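Please look through the sequence and the model below before reading on. The report that follows takes up a few residues and then turns to the protein as a whole.

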Amino acid sequence: MMKSETIDAAATAARSVRNAAREDADHLTDAIKAEASDLYRTLAAKGEAAAKAVGTQVEAQPITSLLLAFSAGFIASRLLSR
């Protein structure tokens, strides 16, 4: 095998490896996007459920909810002012 043939063979092998790596990266990217999308939908649904639960609790006990919100705000302001 001549030197130029060896170089051509190495270049062909390098392109093949590069293309295979690119395909693997594309597949992994697609899998990560799908997983992130599923996670987003799950968290969004849980967030909506939590917001509804808080809304129901506030409607059921408005005075208690107001006092808790005020207390939490007061404590947070004291902690953040230090």
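Does Asp30 count as buried or as partly exposed? The model is a predicted one, and in it Asp30 has a relative accessibility of 48%. Because buried means under 20% relative accessible area and exposed means over 50%, Asp30 counts as partly exposed.

Asp30 belongs to helix α1, which runs over residues 3–60. On the surface, Asp30 gathers with Glu23, Asp24 and Asp26 in a patch of negative charge.

## The overall form

The protein has 2 helices and 0 strands. Its radius of gyration is 29 Å, whereas the globule rule gives 12 Å for 82 residues, and because the value is well over that figure, the protein is more spread out than a compact globule. The C-alpha trace, followed along its principal axes, spans about 90 × 35 × 5 Å.

Of the 82 residues, 1% count as buried. The accessible surface comes to about 7,300 Å², and 66% of this area belongs to carbon and sulfur atoms.

## Other places along helix α1

Leu28 has its place in helix α1, and with a relative accessible area of 57% it is exposed. Between Leu28 and Ala50 there are 22 residues of separation along the chain, and their C-alpha atoms are separated by 33 Å.

Ala9 also lies in helix α1, but at 38% relative accessibility Ala9 counts as partly exposed. The C-alpha atoms of Ala9 and Ala25, which are 16 residues apart along the chain, are separated by 24 Å.

## Charges and a salt bridge

The protein carries 10 positive and 10 negative charges, and the mean positions of these two groups are 11 Å apart. Side chains of opposite charge can pair when their charged atoms come close. How many salt bridges does the count come to? The count comes to 1 salt bridge.

Asp38 forms a salt bridge with Arg41, and the closest N and O atoms of the pair are 2.4 Å apart. Asp38 and Arg41 both lie in helix α1, where they are 3 residues apart, or about one turn of the helix. At 37% relative accessibility, Asp38 counts as partly exposed.

## A nonpolar patch

Which residues make the nonpolar surface patch of about 460 Å²? This patch is made by Phe70, Phe74, Ile75 and Leu79. Ile75, one of these residues, lies in helix α2, which covers residues 62–80.

## Drawing the picture together

Definitions and conventions: Residues are numbered from 1 along each chain as its sequence is written. This is a predicted model: local features need pLDDT of at least 70, side-chain atom pairs count only at pLDDT 80 or more; totals for chains, interfaces and linings use all residues. Side-chain values use heavy atoms; hydrogens and water are left out. Patches are made of residues with over 30% relative accessible area and no salt bridge: like charges are joined within 9 Å, nonpolar side chains (Val, Leu, Ile, Met, Phe, Trp, Tyr) within 5 Å. Accessible areas come from the Shrake-Rupley method with a 1.4 Å probe; for residues, only the protein chains shown count as cover. A salt bridge is a side-chain nitrogen of Lys or Arg within 4 Å of a carboxyl oxygen of Asp or Glu. Lys and Arg count as positive and Asp and Glu as negative; His and the chain ends are not counted. The place of a charge is taken as NZ of Lys, CZ of Arg, CG of Asp or CD of Glu. Helices (H or I, at least four residues) and strands (E, at least two) are DSSP runs, numbered from the N terminus. Buried means under 20% relative accessible area, exposed over 50%, partly exposed in between (1.4 Å probe, protein chains only). The radius of gyration is taken over C-alpha atoms; the globule rule is 2.2 Å times the number of residues to the power 0.38.
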